[in-house]
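I opened my notebook to see what lies inside this protein.

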Amino acid sequence: MLARFDPASTAWFLDVDGTLVDLAPTPDGVTVPATLPSLLERLSTVTSGALALVSGRALADLEALLPGVGVTMAGDHGAVVRFADGGKRWLSRRRPLPRPLVREIQNDLGQLPGVLVEDKQTCLTVHYRQAPGSRDRLRRVLEAMAARCGTHELTTAHMAFELRPRGGGKGVAVARLMQTPPFRDRRPVFIGDDVTDEDGIRAALLFGGVGLRVAQDFAGEPAAVRRWLAAQAEAGIVTTEGQIV
Ligand SMILES: [Mg+2]
């Protein structure tokens, strides 16, 4: 049984796909559980706003997935943050991928059966969940492209490769937010399911926090993450008598 975290001193950093929502064959295919928006808002409220979603999705995509949910959201692996009050800030210098390179990838790889190229402007994801046999070929081509463009590096994700700005990553988002109220001086807890989350977990540990992995700590089940977070949110509700229930 995992510990309860004191809402007065905890900052939550939560990956989305594979952590809060079940993965789907394509990013557009995910289903957001009806209870998730209110769960996130409750947990954010009991921690005075110290909750951030940290996702590889583009920020606009994240906002569209959780419309009207007033919590801090970091998109593009933390390159850009929308604070709970709606203010947006770029955390790492905005470096769009060269458009000719994007077109080349779309033409060369986007045509392969089952391969999906997702253009997020600053980063680009090539999904091969429906074409696992293409993995090695995709890696070879994308490695060569990353070497050519210099500003972006190749990273691996769940059945996908990503080109993303060098020096970015979820760890940057955690580190930057941890220097900003209301996250500052709290103990970060990062929950993720993927290799790109390890970066965020390392940053959480550096700030004296905790990293939880969906596979190890929640039996691979986003539903288990949600249930546990709901319990954390409930634990943080203070009654009018000042008791935590
Ligand atoms: Mg994930």
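**Entry 1: cysteines**

I started with Cys123. Its relative accessible area is 0%, so Cys123 is buried. I noted that the model is a predicted one.

Is Cys149 buried or exposed? I looked it up, and its relative accessibility is 19%. The limit for buried is under 20%, so Cys149 counts as buried.

How many disulfides does the structure hold? I found zero. Cys123 is in no disulfide, and its nearest cysteine sulfur belongs to Cys149, 12 Å away.

**Entry 2: the core**

Next I looked up the nonpolar cores. The largest has 34 residues. Which of them touch the most other members? I wrote down Trp12, Leu14, Leu40, Leu53, Ile191 and Leu229.

I picked Leu53 and checked its contacts. Leaving out residues up to four places away in sequence, Leu53 touches Leu14, Val16, Leu20, Leu40, Leu66, Val71, Thr72, Met73 and Ala74. Another core lies apart from the largest one. It has 19 residues, including Leu109, Ala131, Leu142 and Ala146.

**Entry 3: strand 1**

I then turned to strand 1. Five of its five residues are buried, so the rest of the structure largely encloses strand 1. Which residues cover each side? On one side I found Thr10, Trp12 and Leu14, and on the other Ala11 and Phe13. All of these are buried, so I wrote that both faces of strand 1 are covered.

What does strand 1 pair with? I found strand 10, parallel to strand 1, with five bridges. Phe13 stands opposite Phe190 of strand 10. Strand 2 also runs parallel to strand 1, and three bridges join them. Trp12 has Leu51 in strand 2 as its bridge partner.

Last, I followed the chain from strand 1 through helix 1 to strand 2. This β-α-β crossover is right-handed.

Notes
Residues numbered from 1 in each chain as written. Predicted model: local features only at pLDDT ≥ 70, side-chain atom pairs only at ≥ 80, totals over all residues. Heavy atoms only, no water. Core = buried A, V, L, I, M, F, W, Y, C linked by side-chain atoms within 4.5 Å. Buried < 20%, exposed > 50% of the residue type's maximum accessible area, 1.4 Å probe, protein only. Contact = heavy atoms within 4.5 Å. Helix = DSSP H or I, 4+ residues; strand = E, 2+ residues; numbered from the N terminus. Pairing = 2+ DSSP bridges. Right-handed = clockwise from strand over helix to strand, strands pointing away. Disulfide = S-S within 2.5 Å.
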